[in-house]
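This briefing goes through one structure by topic, for a reader who wants the contacts and distances set out with care. Please keep the model open while reading, so that each pair of atoms can be located.

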Amino acid sequence: MLGQLLLAASGSRVVRRAVSGFPLTRKVVDRFVAGESVEEARDTVERLRDTGLAVTVDHLGEETRDARAAAATTDAYLALLRAIRPLELGARGEVSVKLSALGQRIDEAMALEHARAICAAAAVAGSAVTLDMEDHTTVDSTLAVLRKLREDHPSTGVAIQAYLFRSEQDCRDLSSEGFRVRLVKGAYREPASVAHQGRTAVDKAYVRCLRVLMAGKGYPMVATHDDRMIAITELLADRFGRTIGDHEFQMLYGIRTDLQEALAGAGHTVRVYVPYGDDWYGYFMRRLAERPANVAFFLRALGGK
Ligand code: FDA
């Protein structure tokens, strides 16, 4: 219930102003966001690299209907890729992109061109791009853009949200050789007409999608902090003859860092999703919505504790 309210608030301009205006908000935001500047992002990436973790860096920003803002987001990604290139991360340092921030809602072809420019810059660094998945109305368009990007940049990946009814079939369609699919539970408020509701149903859907991806020939990117999903991944890896190196785990910056380090220490590729930038509100509210305890943490910080 609280989670649903927070997800509703993530789209509210009034709540955005109130939350962003609180001086102590920053302290809490810093737990989930690597900073506002590209330099702060680069320093975080370097620190994570030195602890044996791979990264995918996200320039924070949500849907825009302004072509200039879409171009500015593209430029920010190009600057980011230039900034992290000297770290020589290769495939261990990719970027994550929200097509809506590249103007997908106003003109899909424009978003595709921006995404192509980002993919080309990533390729120069020996790296790749993964497309985030947003609310269910964007899925067909995002998968269409993915198909076009993969013509020139076959390593481009995509996130698939297990909570959507359609996702098991999408996983089947994306499970052949060369596909990189990041499986997530899903973080948006979706109606019961398109998505499983409630933790148990979503977890079961996640396992079904995971099974399809692990049985397939692609490269599954298992993006979860859930111990049970990680244990099931290891069982499925055994069953389908997968070894360390032909799939990876992914987690969000600041969440379950103990688990990130333990899995990396055991030899797995663990990729941390590192968001940075000043447009942190939507991302931050989704993290609060995922876990009521985060709200208590937020309120304690606002109270100065
Ligand atoms: P679950 O929510 O059941 O959490 C399992 C455990 O993880 C919790 O018990 C807690 O210990 C810890 N945990 C989870 N969330 C936490 C939080 N916010 N704060 C503190 N602890 C927390 N979604 C989407 O719709 N589109 C996308 O493109 C992406 N991209 C993406 C990339 C990566 C790398 C990750 C890891 C996640 C996403 N997501 C996403 C978010 C995803 O859909 C989901 O909301 C979160 O990962 C939380 O789900 P879990 O699988 O961790 O399980």
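A polar contact here is a pair of N or O atoms within 3.5 Å, where, within protein, one atom must be able to donate a hydrogen and the other to accept it. The model is predicted. In this model, at the start of helix 5, a side-chain oxygen of Asp66 comes to within 2.9 Å of the backbone nitrogen of Arg68.

**Helix 5**

- Helix 5 runs over residues 67-84, and its 18 residues reach 26 Å from the first C-alpha to the last, which is close to the 26 Å expected at 1.5 Å a residue.
- The buried residues of helix 5 are Ala70, Thr73, Thr74, Ala76, Tyr77, Leu80, Leu81, Ala83 and Ile84.
- An α-helix has 3.6 residues a turn, so residues three or four places apart point the same way.
- The cover over the buried residues of helix 5 includes helix 4 (38-50) and helix 6 (108-124), together with strand 1 (54-59), strand 2 (93-97) and strand 8 (270-276).

- Asp132 sits in the loop between strand 3 (129-131) and helix 7 (139-152), and it counts as buried because its relative accessibility is 6%, against a cut-off of under 20%.
- The side chain of Asp132 makes a polar contact with the side chain of Lys98 at 3.0 Å and another with the side chain of Tyr273 at 2.6 Å.
- Leaving aside residues up to four places away in sequence, Asp132 touches Asp58, Ser96, Val97, Lys98, Thr142, Ala159, Arg182 and Tyr273.

**The ligand**

- The ligand is surrounded by 26 residues, of which the closest are Gly186, Arg199, Thr224, His225 and Glu290.
- A nitrogen atom of the ligand is 2.8 Å from a polar backbone atom of Met133, while an oxygen atom of the ligand lies 3.0 Å from a backbone N or O atom of Ala187.
- In the side chain of Arg199, an N or O atom is 2.7 Å from an oxygen atom of the ligand.
- Of the 930 Å² of accessible area that the ligand has on its own, the protein covers 89%.

**Salt bridges**

- A search of the whole structure finds 25 salt bridges, among them one between the side chains of Glu63 and Arg105, with an N to O distance of 3.2 Å.
- Glu63 belongs to the loop between strand 1 and helix 5 and Arg105 to the loop between strand 2 and helix 6, so this pair ties together parts that are 42 residues apart in sequence.
- Glu63 counts as partly exposed at 36% relative accessibility, and Arg105 is partly exposed with a relative accessible area of 30%.
- The side chains of Arg182 and Glu94 meet in a salt bridge at 3.7 Å, N to O; because Arg182 lies in strand 5 (residues 180-184) and Glu94 in strand 2, the pair ties together parts that are 88 residues apart in sequence.
- Arg182 counts as buried at 3% relative accessibility, and Glu94 is buried with a relative accessible area of 1%.
- Asp203 forms a salt bridge with Arg228, with the closest N and O atoms 2.6 Å apart; Asp203 lies in helix 9 (residues 199-215) and Arg228 in helix 10 (residues 227-239), so the pair ties together parts that are 25 residues apart in sequence.
- Asp203 counts as buried at 7% relative accessibility, whereas Arg228 is partly exposed with a relative accessible area of 45%.

Conventions
Residues numbered from 1 in each chain as written. Predicted model: local features only at pLDDT ≥ 70, side-chain atom pairs only at ≥ 80, totals over all residues. Heavy atoms only, no water. Helix = DSSP H or I, 4+ residues; strand = E, 2+ residues; numbered from the N terminus. Expected span 1.5 Å × (residues − 1). Buried < 20%, exposed > 50% of the residue type's maximum accessible area, 1.4 Å probe, protein only. Contact = heavy atoms within 4.5 Å. Near = heavy atom within 4 Å. Areas by Shrake-Rupley, 256 points an atom, 1.4 Å probe, with all protein chains shown as cover. Salt bridge = Lys/Arg side-chain N within 4 Å of Asp/Glu carboxyl O.
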